[in-house]
Amino acid sequence: MQVYSNPAPSAWSALLQRPAAAEAPQVAARVRAIFDQVRAGGDAALLSLASELDKATLTRLLVSEAEFAAAAAQVPAELQAAIGQAKANIEAFHAAQREPELRLETAPGVVCSRRAVPVQRVGLYVPGGSAPLFSTLLMLGVPAQLAGCPEVVVCTPPQPDGSVSPVILFVAQLLGISKVVKAGGAQAIAALAIGTETVAAVDKIFGPGNRYVTAAKQLAAAEFGVGIDMPAGPSEVLVIADSSANPAFVAADLLSQAEHGPDSQVILLSDSSLVLEQVQVEITRQLATLPRRDVATQALETSRAILLPDAAAMLAFSNQYAPEHLILATDNAEALAAGVTNAGSVFLGHLTPEAVGDYASGTNHTLPTSGYARQYSGVSLDSFVKKITFQRLTAVGLRGIGPVVETMAEAEGLAAHARAVSVRLAALSTEAEATPAATEATAANPYAGLIRPSVERMQAYSSARDEFEGMAPVMLDANENSLGSVGPDDFSRYPDPHQRAIKTALAKLKDVAPNQIFLGNGSDEAIDLLVRLTCTPGQDSIVICPPTYGMYEVAANLNDVRVERLPLTPDFQLPANAAQTLAASTAKLVFLCSPNNPTGNLLALEALETILRSFKGLVVVDEAYADFADTPSWTTRLAEFPRLVVLQTFSKAWGLAGLRLGVAYAAPALIAYFDKIKPPYNISAATQQHAHAALAAAPSLSEMRAELLAGRTWLLEHLPQVSIVEHIFPSDANFLLVRFTMDATVVYDQLQARGIVVRNRTSQPGCAGCLRLTVGTPDENTRLVAALHEISQLAGVGQPLVVAAE
Ligand code: PMP
């Protein structure tokens, strides 16, 4: 090695030089001639160049199946195991480099994304000759396979006997590569760039090689539009060794680089003259037993050992040199590594020889040489993919960003660019005018001041999947279990967030449009969302008309919303001044239940109509029990009253309470607000499947309804005969509100003691002494009446009515 002692920084530039490629012009001319020959002769040219340059007489270029089949047997078991272990580490490190698809809404309605897509056709060059570098095939083949490159072809020079190293074939098989071409040097690169009968042209060429291969890759990139991994020159290492370094280790590292080839570059930096001397001694000692000592000796002749004042100077020199491999043989390697700005791959500490990275640790050994580490990275998974960007704008997005683009395009004088936006913006505004519903809704703005400001400001939720409607994409966006479900049915995928199938069927059945439907996890969810949609907590109020369904108040309380009460009359109708009172109210919504729960009666139609005309808030008509009544649904009046919301449920007449499916019907603009704030997947896949089937079986609904109504009639006949029954309120629902002559809570307890549970409503306004009895099966109804008779008999004989102890 040439030794330099404390050269001044001004003298570094000479020391930073790689040996000049003196014969470069001749190499370039020779490579061009080879390209011409391959272009003109195709496979025949490759065969003749194999004979001329590799001294191999070939009859065919492709490695045959028989050659593949014979390969493994020629690879010792120990080597096979070592290769397996190295492959696992390389796979692990490269698989971890995968990046998820990037997706960002840069502005409202402007969604940009970026996805990695494999390079489609790749050529891997594996040097052969004196040392077939099967490790290079691992380093290139593993990431190609992980990236999913559909076409992978390997070129490697044939041995003089026409064979290819069995280890290379063994590795190719491990990687699932079946196309191995017996071609080396510049002619292999020419074939990959231009294509021949046997070798299809590729999109990108990878792999190291001698100076002919390097020049050929550069020509392929410059003139044939082929990508290359990186410009490459002879391999090189720079070792920074301070006084903590072990001279034997350092010498071994330098020699491991020097044995690559006579043009290999080896640089040793130290701030200890003793270490420099000891390393020289060690090199001489180790060289003596090195099989490739001639090669290594030649390389060492142009290599340098440089004494520098301190760690900072060594680091500065190394960063200027930008070595392919950098070994930090010091105790404080981590700290030094933090200052590395230019290097292909860095090896830290005394126990980390470059050789581990060359073969088996997991990092790639295809690295930038000749100072290209200043701007190039080594081969990685990224080298085998392209990152494609995608974008999609909604109307909101185009309206927002369009004017920005118009301004910029006009300023650059690119009128056609500006027009690409303006024609679309113009189309959007005509579209908006042409939609009567939209104009009407905007003109009247029936929801002005009704929707909570935070909801107005919110973005509508959208699933990545919405973009793929009608397609079957690979769904890796929602962290589901791609393998399937535990249990008999497959529920591994999130359900349709828009519940299209049910909405279409329900819209048909109810004679409304699908966009007039919101489906909730029970109508209880719709009740909660209605409160949250309109009321700012701690500020707004709702109106309820007691006695009525309890969840209205629960939803208000949960949301810190005040409750105004407008009690029903003794016959459970709206009071005469209801419309007037509501007209003066600033409440955001009123809940009106018809047929009402727990009373069972329908609210007078005229009273509701006047409220719908006078109240400025939303009027929610809860029709949970409307299937049992004979009046038309309020859904038929939706077009007339934009602030009307009709609630229905599958829990009652449909007999599907277990599905938890409720419906809100309203004007599309109002439904759009529901969709904004609902949890994305609020209706489970099981519910969607079942409800869809139930909708198809809707005709059976009327039979069931008739049977339940017969049960109600039966109860209406038999309950009056029970002596403790004082009054049965008229019901249009599947339950009866019954007032008892005795303490209703005692009756309730006595029924419970007999295994019958009913609803105690005695504390509800206007319901003193009342229990609410659901119509059951004929047998259940009979049991209920019998139990009530029993209770009245006990009461009649003055028996103390206590609940049985058990
Ligand atoms: N509204 C009324 C009047 C109800 O009685 C009920 C349930 N008892 C509901 C809504 C809630 O029904 P769901 O099961 O759809 O949540």
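Strands β12 (residues 325–329) and β13 run parallel in this predicted model, paired over four bridges.

Next come the aromatic rings. The model holds 12 aromatic pairs. One of them is Phe35 with Phe224: the ring centres are 5.3 Å apart and the planes meet at 45 degrees, so the pair counts as tilted. Phe35 sits in helix α2 (residues 24–41) and Phe224 in helix α9 (residues 211–224), so the contact ties together parts 189 residues apart in sequence. Phe35 is buried, at 1% relative accessible area. Phe224 is partly exposed, at 24%.

Tyr494 and Tyr681 form another pair. Their ring centres are 4.4 Å apart and their planes are at 15 degrees; because planes under 30 degrees apart count as stacked, this pair is stacked. It links distant parts of the chain, 187 residues apart. Tyr494 belongs to the loop between α19 (453–457) and α20 (500–510). Tyr681 belongs to the loop between α25 (668–677) and α26 (685–696). Tyr494 is partly exposed, with 41% relative accessibility. Tyr681 is partly exposed too, with 24%.

Ring pairs also build a cluster, made of Tyr549, Tyr552 and Phe591.

Arg18 lies over the face of Tyr321, 3.6 Å from the ring centre. Arg772 places its charged end over the ring of Phe735, at 5.5 Å from the centre.

Terms used:
Residues numbered from 1 in each chain as written. Predicted model: local features only at pLDDT ≥ 70, side-chain atom pairs only at ≥ 80, totals over all residues. Heavy atoms only, no water. Pairing = 2+ DSSP bridges. Helix = DSSP H or I, 4+ residues; strand = E, 2+ residues; numbered from the N terminus. Phe/Tyr/Trp six-rings, centres within 6.5 Å; stacked < 30°, edge-to-face > 60°. Buried < 20%, exposed > 50% of the residue type's maximum accessible area, 1.4 Å probe, protein only. Lys NZ or Arg CZ within 6 Å of the ring centre and 35° of its normal.
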